[in-house]
Amino acid sequence: MGPRSSTRGSSSSRPRPVGRRFFRRPTVEVARDLLGARLRVDGPAGHVEARLVETEAYLTDDPASHAFRGPTRRNRSMFGPPGTLYVFRIHQVVCANLVTRPGEAVLLRAGVVEGMPPGHARGPGRLARALGLTIADDGQGAVTGPRVRVLARPGPRPLTDVGPRVGIRRAAERPLRFAIRDEPAVSRPRPLTSAFSTRTRAGSRSRQSRTRRRPASGGGRSGGRIAGR
DNA sequence: CCTCGGATCAGCT
DNA sequence: GCTGATCCGAGGA
């Protein structure tokens with residue numbers, strides 16, 4: 001049933017891969033311009049493509065960033081050239097970033113994968129897995145590498161919601177999460193755009209208190225206060 | 001060496 | 001909405 005139209009030369013609006021300049025920009029700009037763009041991963045069984053709908057920025061002055069304390073073996077990809085993939089594993093789950101400037105990157109949080117139901121790739125772990133990305137892709141380039149490309153968003157920048165990032169404790173209040181507005185495949189529609197909410201979260205620290213108890217020695221981190229709440 | 005805690009997710013109350 | 005799974009990197013002693 002597939003009319004094998006190898007006439008790809010006539011494709012008028014075929015998106016083209018972005019170059020390194022795309023990534024060598026302020027990380028927040030890249031995070032926003034990745035919305036609506038597509039990530040293509042070539043594998044043995046063909047290629048998988050996802051339209052990105054949700055991203056997060058991680059910066060150098062950002063205690064939530066894996067690169068905050070400088071290069072280590074694990075995060076060294078974050079100091080690679082713009083467009084480098086930083087793939088890490090947490091709780092046996094793989095997540096993928098694209099490096100912008102040294103020590104900064106954009107976490108790919110959700111997308112709509114071609115041929116899969118919407119919402120299948122909701123969350124960074126699910127997205128990376130749906131794309132077939134593994135820890136072996138860490139350090140590879142999305143510009144010059146063999147496997148991954150970013151295809152520029154064809155149209156104008158979509159309406160974007162901004163809000164706090166998900167799943168972090170430090171710098172949890174910074175509005176560095178971006179998502180396409182009214183996009184059902186976003187992991188959590190609600191907290192976005194509510195950055196101006198006046199609601200205080202006096203009692204919503206259950207997550208924090210749930211984690212392993214800190215020893216009562218001395219009072220914990222110095223200088224790294226999490227906002228003033 | 002040991003300890004801590006996590007850029008998550010699935011599953012249960 | 002909250003908890004456990006599960007393992008490894010990072011950091012301190």
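A residue is taken as near a molecule or strand if one of its heavy atoms lies within 4 Å of it. In this predicted model, 24 residues surround DNA strand B by that rule. The closest are H66, N97, G125, R126 and R169. Looking from the DNA side, sugar and phosphate make up 54% of the atoms of DNA strand B that come within 4 Å of the protein.

For H66, an N or O atom in the side chain sits 2.6 Å from a phosphate oxygen of DNA strand B. R169 also uses its side chain, with a polar atom 2.8 Å from a phosphate oxygen of DNA strand B. As for secondary structure, the elements giving two or more residues to the surface near DNA strand B are the strands β3 (85–90), β4 (93–99) and β5 (105–113), plus the helix α3 (124–131). Sorted by class, that surface has eleven nonpolar residues, seven polar ones and six charged ones.

Now for D161, which belongs to strand β8, residues 160–163. Its relative accessibility is 10%, so D161 counts as buried, the cut-off being under 20%.

Definitions and conventions
Residues numbered from 1 in each chain as written. Chains lettered and ligands numbered in written order. Predicted model: local features only at pLDDT ≥ 70, side-chain atom pairs only at ≥ 80, totals over all residues. Heavy atoms only, no water. Helix = DSSP H or I, 4+ residues; strand = E, 2+ residues; numbered from the N terminus. Buried < 20%, exposed > 50% of the residue type's maximum accessible area, 1.4 Å probe, protein only. Polar contact = N/O pair within 3.5 Å; in protein donor to acceptor, adjacent residues only side chain to side chain. Nonpolar A, V, L, I, M, F, W, Y, C, P; charged D, E, K, R; others polar.
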